[in-house]
Amino acid sequence: FIYAIPPAIPFFTNKFENFYDEDNKLIKYIDGISVYDGGFIYKGNVYDTIYYDENYSEIEYSHTILIKSDSLGKIQWKKFLTNDLNKLIQTPDSCFLGISSIWTDRYIFCISKYDINGELIWEKSYFNQGNDHPRNIYLTEDGGFILIGVSEYYQKYRTPVLKIDKDGNAIWYKLFGGVGGNVLNAGDGDFLLVLKDTKNTD
């Protein structure tokens, strides 16, 4: 089901087609990252259907599967998670982070750190002012990370930005007008945040 991508092609620019695993579970939107041992860690969405009333009405829900392979695409392990990870990033200590949103009384950012065997090291959530959904995460020069997303705040869409240290502790959280966004290192620990202005922002 998994095919190795030649080293000349950056893995993170490629996505796999949908497939069913050996348990006949449909897995969609498969992408991933290369890791320090030469292998890959893939993230996919697993879709299940459940019946929730006497009329056998169906609802489909998804959660994340993590798959670790060697450099030739041979599966070494896989793990099913209860949350949906949006993105993965390799950490300098050979682990990786996954970003997601979880529901409390609103959607909030959640960041999970896993070791190379897929074991959870820590998981932290971050309260906010709106409904936050993560889009991307970047490594910063100080060894920490910047997480950007999209937030619905008083019926306006804005860009929440969260800065954390290497252990996941929040340093600051800010809301910016505009949506989308990209983070560029500007040197000396500074960074540039590029946003697109829209009529839904102020």
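These notebook entries record what I looked up in a predicted model.

**Entry 1: Ground rules.** I number residues from 1 along each chain as its sequence is written, and I read side-chain values from heavy atoms, with hydrogens and water left out. In this predicted model, local features need pLDDT of at least 70 and side-chain atom pairs count only at pLDDT 80 or more, while totals for chains, interfaces and linings use all residues.

**Entry 2: The open sheet.** I took strands as DSSP runs (E, at least two residues), numbered from the N terminus, and called two strands paired if DSSP finds at least two bridges between them. Four strands, in the order β6-β7-β8-β9, form an open sheet with antiparallel pairing. At its edges I found β6 (87-90) and β9 (120-126); each has a single partner strand, so one side of each is left without a neighbour in the sheet. From one strand to the next the twist averages 25° (axes are lines fitted to C-alpha atoms, and angles run from 0 to 180 degrees between N-to-C directions). I counted four bridges between β6 and β7 (residues 96-103), and I noted Ile89 opposite Leu97 in β7.

**Entry 3: Salt bridges.** I count a salt bridge where a side-chain nitrogen of Lys or Arg is within 4 Å of a carboxyl oxygen of Asp or Glu; the count is seven. One of them joins Asp37 and Lys68 at 3.0 Å, N to O. Asp37 lies in the loop between β2 (26-34) and β3 (40-51) and Lys68 in strand β4 (residues 58-69), so the pair ties together parts 31 residues apart in sequence. Lys68 is buried, at 2%.

**Entry 4: The hairpin.** I traced β12 (residues 156-164) and β13 (residues 170-177), which pair in the antiparallel sense over seven bridges. Five residues separate them in a hairpin, and Gly168 in the turn has a positive phi of about 85°. Pro160 has Leu175 in β13 as its bridge partner.

How values were computed: Buried < 20%, exposed > 50% of the residue type's maximum accessible area, 1.4 Å probe, protein only.
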